[in-house]
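Trainee: Could we go through this model together? I would like to understand its fold, its charged pairs and its surface.

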Amino acid sequence: MMRSQPRNARGTIGHPYSALNLRLLLAVFGFVTSTVLAVLAWTAGIAWLAIVLLALAASALVDMVVVELRRRARRREGGGRGSLFE
């Protein structure tokens, strides 16, 4: 049975608890997709949908910043091979 990460526990270099590069890739995809769809919704005259999509794009942008800060902190610790699933 798989267990969740214990509270206040950090992963090690060999066994990280978060796939940061994959999370960054998904955040970039969400940002680009939401932004493009927001522009299309705005041009189609569906302003409420464009606003919702821009809010999603903003949350994806914040997630990208947080993930990048965590990736840099991990690199300073001496870890990370640069793979997608590190």
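The conversation below covers these topics in turn.

Trainee: What kind of model is this, predicted or experimental?

Mentor: This is a predicted model.

Trainee: How many helices and strands are in the protein chain?

Mentor: The protein chain has two helices and zero strands. Helix 1 covers residues 20–43, and helix 2 covers residues 47–76.

Trainee: What end-to-end distance does helix 1 have, and what should it span?

Mentor: The end C-alpha atoms of helix 1 are 35 Å apart. With 24 residues at 1.5 Å a residue, the helix should span 34 Å, so the two values agree.

Trainee: What comes just after helix 1?

Mentor: Gly 45 is found there, with a positive phi of about 85°.

Trainee: Which residues of helix 1 are buried?

Mentor: The buried residues of helix 1 are Leu 20, Asn 21, Leu 24, Ala 27, Ser 34, Ala 38 and Ala 41.

Trainee: And what do the buried residues of helix 1 pack against?

Mentor: They pack against helix 2.

Trainee: What share of the contacts joins residues at least 24 apart?

Mentor: The share is 69%, taken among contacts in the protein chain between residues at least 6 apart in sequence.

Trainee: Changing topic, how many salt bridges does a search of the whole structure find?

Mentor: The search finds three salt bridges. One of them joins Arg 23 to Asp 63, with the closest N and O atoms 2.6 Å apart. This pair links distant parts of the chain, as Arg 23 belongs to helix 1 and Asp 63 to helix 2, 40 residues apart.

Trainee: Which residues are linked in a network of salt bridges?

Mentor: The network links Glu 68, Arg 71 and Arg 72. Glu 68 meets Arg 71 at 2.8 Å, N to O, and the closest N and O atoms of Arg 72 and Glu 68 are 3.3 Å apart.

Trainee: Why does Arg 71 count as buried?

Mentor: Arg 71 counts as buried because its relative accessible area is 18%, and the cut-off for buried is under 20%. Glu 68, at 22%, is partly exposed, and Arg 72 is partly exposed at 47%.

Trainee: On to the surface: which residues form the nonpolar patch?

Mentor: Val 28, Val 32, Val 36, Leu 37 and Leu 40 form the patch, with about 400 Å² of accessible area together. Val 28 lies in helix 1 and is partly exposed, with a relative accessible area of 36%.

Trainee: What about Trp 42, buried or exposed?

Mentor: Trp 42 is in helix 1 and counts as exposed because its relative accessibility is 57%. Leaving aside residues up to four places away in sequence, Trp 42 touches Ala 47 and Ala 50.

Trainee: What are the totals for the protein chain?

Mentor: Of its 86 residues, 20% count as buried. The accessible surface of the protein chain is about 6700 Å², and 66% of that belongs to carbon and sulfur atoms.

Methods. Residues are numbered from 1 along each chain as its sequence is written. This is a predicted model: local features need pLDDT of at least 70, side-chain atom pairs count only at pLDDT 80 or more; totals for chains, interfaces and linings use all residues. Side-chain values use heavy atoms; hydrogens and water are left out. Patches are made of residues with over 30% relative accessible area and no salt bridge: like charges are joined within 9 Å, nonpolar side chains (Val, Leu, Ile, Met, Phe, Trp, Tyr) within 5 Å. Accessible areas come from the Shrake-Rupley method with a 1.4 Å probe; for residues, only the protein chains shown count as cover. A salt bridge is a side-chain nitrogen of Lys or Arg within 4 Å of a carboxyl oxygen of Asp or Glu. Helices (H or I, at least four residues) and strands (E, at least two) are DSSP runs, numbered from the N terminus. Buried means under 20% relative accessible area, exposed over 50%, partly exposed in between (1.4 Å probe, protein chains only). Contact means heavy atoms within 4.5 Å. The expected span of a helix is 1.5 Å times one less than its number of residues.
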